[in-house]
Amino acid sequence: MSCHTHSSLQPWNTFNLNARAAQISVINDRETLCQLWQESRVAQQPVLILGEGSNVLFLEDFSGHVLINRIQGIEISETEENWHLHIGAGENWHQLVEHTLKTGIAGLENLALIPGCAGSAPIQNIGAYGIEFNRVCEYVDIVELSTGNTMRMSSAECEFGYRDSIFKHRYQEGYAIVAVGLILAKKWKPILSYGDLTKLDPASVTPQHVFDAVCHMRRSKLPDPKVTGNAGSFFKNPVIDAEKAQALLQYYPSMPHYPQADGSMKLAAGWLIDQCHLKGLREGGAMVHQQQALVLINVEDATGNDVVRLAHEVRTQVGNKFDIWLEPEVRFICATGEVNAVEVIA
């Protein structure tokens, strides 16, 4: 474990915002994670657990203790039909995708280059190019921080939804994810329903082909957070009822739309923002990305308030034009912990 007091959070958030924390500790095991959380609670000090900070926006300095989860480990077992992976929460997600491919295990390639740690994947139910985390999740191991007791939750018990899970609700406070279990079928079936993947030949495509195509698409559209601070997709893709979607399609027949199992329709938030001609819109040091309108970037020492003002303007213009009110996908963190992102930018 390493511990730093009154330290910058800049290395620990991909937005590259220079907020500070009263204390930052990098933790490699469950016991230390519980111990430091308990000590902070006794001291009545706010606590925030982070992976790689790829989905957070610091609105101001954090007044408490930030615990960086770096619990490692990759264990692979198999049955006749499936691969079973037990992954430490602190493992880098993209490196995990690369590792599985190199060992001959397919099924994660559509989720390549998603930033963050494995332990963050179930919280957001991460997804891209036709697949979400819940499709490959077998279980999630969590620890009750006040007691050190661990629980294994099946995929069904995680209550996964679109960018949602039980870890944003019932198990948001007082618990931490320490490992995830993945199940990947040995009989691989490519998912080629999105973007350039539709151009691949299902009869000859390999997992490596899909991986390469996904990486190419993401790198061509999305800024590298190591170069330009960002948190990936800033807004959720809105889901609206079918009647409203059909009315919009009469005016915008080329509007991207994705029917859902319950009859609703998912729309592309980036397309909605683009129709408002907001690429390049700037507030202070924050800007709407020129290539992908769904991404807000830190172009010049942005503050959390710069990003909030920009997000408010984007939401307002899209809402006024389409009567669709976007919701942030990114978690907003104030001095004492997470706050309601929609309320902040409304």
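The exercises below concern a predicted model.

Residues are numbered from 1 along each chain as its sequence is written. Local features need pLDDT of at least 70, side-chain atom pairs count only at pLDDT 80 or more, and totals for chains, interfaces and linings use all residues, while side-chain values use heavy atoms, with hydrogens and water left out.

**Exercise 1.** Determine what span helix α4 should have, and which of its residues are buried.

*Solution.* Step 1: helices are DSSP runs of H or I with at least four residues, and strands are runs of E with at least two, numbered from the N terminus. Step 2: the expected span is 1.5 Å times one less than the number of residues.

**Exercise 2.** Describe the faces of strand β19 and its pairing with β13 and β18.

*Solution.* Step 1: in a regular strand, side chains alternate between the two faces of the sheet. Step 2: in β19 (residues 295–298), Val295 and Ile297 lie on one side, Leu296 and Asn298 on the other, and all are buried. Step 3: strands pair if DSSP finds at least two bridges between them. β13 (residues 229–233) runs antiparallel to β19, with three bridges, and serine 233 stands opposite valine 295. Step 4: β18 (residues 286–288) is also antiparallel to β19 over three bridges; here valine 288 faces leucine 296, and a hairpin of six residues joins β18 to β19.

Key:
Buried < 20%, exposed > 50% of the residue type's maximum accessible area, 1.4 Å probe, protein only.
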